[in-house]
Amino acid sequence: MHEVLPNYPDDERGLLNSIHQLMAEWQSSSKNELFTKDGFYPYYTHQTVKVLFVGREGIGLAGCDYIDVLFQAYKQNRIGNKSVNGYTFHRRLLYMLYGIQHGFPEWSDVPTAQSIAQTFATRSGISCAFLNLSKTSNERGHWATDWQTLLASLDRDAPFLQKEVALLNPDLIISSNISLNPAFNTPPQLLSKHPEDLLDVHRCELNGRTIYWFNMFHFSAYSRGRGHAGLDDYHSFYLPLKNAFETYFPA
């Protein structure tokens, strides 16, 4: 397949250059051969709600730009050895983002993730920003989070992380079951918790304004553990997000 790269509009070039400069400084400071860049997809700043998704770490992406790699994967409908529909983390991300940008239509009216991906990050589609808290790609050959590396990076790289979040300047942050406290100078304030612990809502101060952080269950998870019901795309992700969004982002 031929290479497909993101195509940014002219009015996002300044922000893109700032993110690239930050990534270069961050990588130089860390002297990390496994460093993985990230940032935002084209047309992120054109969205009605600027959404920043936050993950834990890249998988098998050492030396790559996460945004370039995933943009191409979406367009070619192949993430690793799975389709977009078959890759749980990205399928759920696209469903949730589609809901936010389209007023949360009925679940039966939400297109497939593969269909959403075809226009993703184009003038006619939806878009977002994405960062991993740890810029060290997990190259260990399995999917379990490398917590030792991730937690060490949060202590070491907090100033860079804070600068990245400030540059992206989102309206809403959605994280995958991880603390974002190091990303802010002022600790976020917990506002509410989902009765089944599927989504916590925090208020954050960023660039002199109030934004919200929704910390959800990990997008790849199928279960909350022994004694709990399984996690599905609609009841465990789309619906809790819809309810929280409509509370904190009223029309």
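These points cover the nonpolar core, the aromatic pairs and the cavity of a predicted model.

1. Core. The largest nonpolar core has 80 residues, and those touching the most other members are Tyr 41, Phe 53, Ile 174 and Phe 214. Helix H3 (residues 88-101) gives this core its largest share, eight residues. In soluble globular proteins, nonpolar side chains tend to be buried together.

2. Phe 53. Leaving aside residues up to four places away in sequence, Phe 53 touches Leu 93, Met 96, Leu 97, Cys 128, Ala 129, Phe 130, Leu 131, Ile 174 and Phe 219.

3. Aromatic pairs. There are 22 aromatic pairs in the structure. One of them joins Tyr 74 and Phe 120 edge-to-face, with 5.2 Å centre to centre and 75° between the planes. Tyr 74 lies in helix H2 (residues 66-76) and Phe 120 in the loop between helix H4 (113-119) and S3, so that the pair links parts of the chain 46 residues apart. Tyr 74 and Phe 120 are both buried.

4. Ring cluster. Tyr 95, Phe 104, Trp 107, Tyr 212, Phe 214, Tyr 234, Tyr 238, Phe 245, Tyr 248 and Phe 249 are linked into a cluster by ring pairs. Phe 214 is also among the core residues that touch the most other members.

5. Cavity. By class, the lining has two nonpolar, five polar and three charged residues. Helix H1 (13-30), strand S3 (129-138) and helix H5 (147-168) each contribute at least two lining residues.

Terms used
Residues numbered from 1 in each chain as written. Predicted model: local features only at pLDDT ≥ 70, side-chain atom pairs only at ≥ 80, totals over all residues. Heavy atoms only, no water. Helix = DSSP H or I, 4+ residues; strand = E, 2+ residues; numbered from the N terminus. Nonpolar A, V, L, I, M, F, W, Y, C, P; charged D, E, K, R; others polar. Core = buried A, V, L, I, M, F, W, Y, C linked by side-chain atoms within 4.5 Å. Buried < 20%, exposed > 50% of the residue type's maximum accessible area, 1.4 Å probe, protein only. Contact = heavy atoms within 4.5 Å. Phe/Tyr/Trp six-rings, centres within 6.5 Å; stacked < 30°, edge-to-face > 60°.
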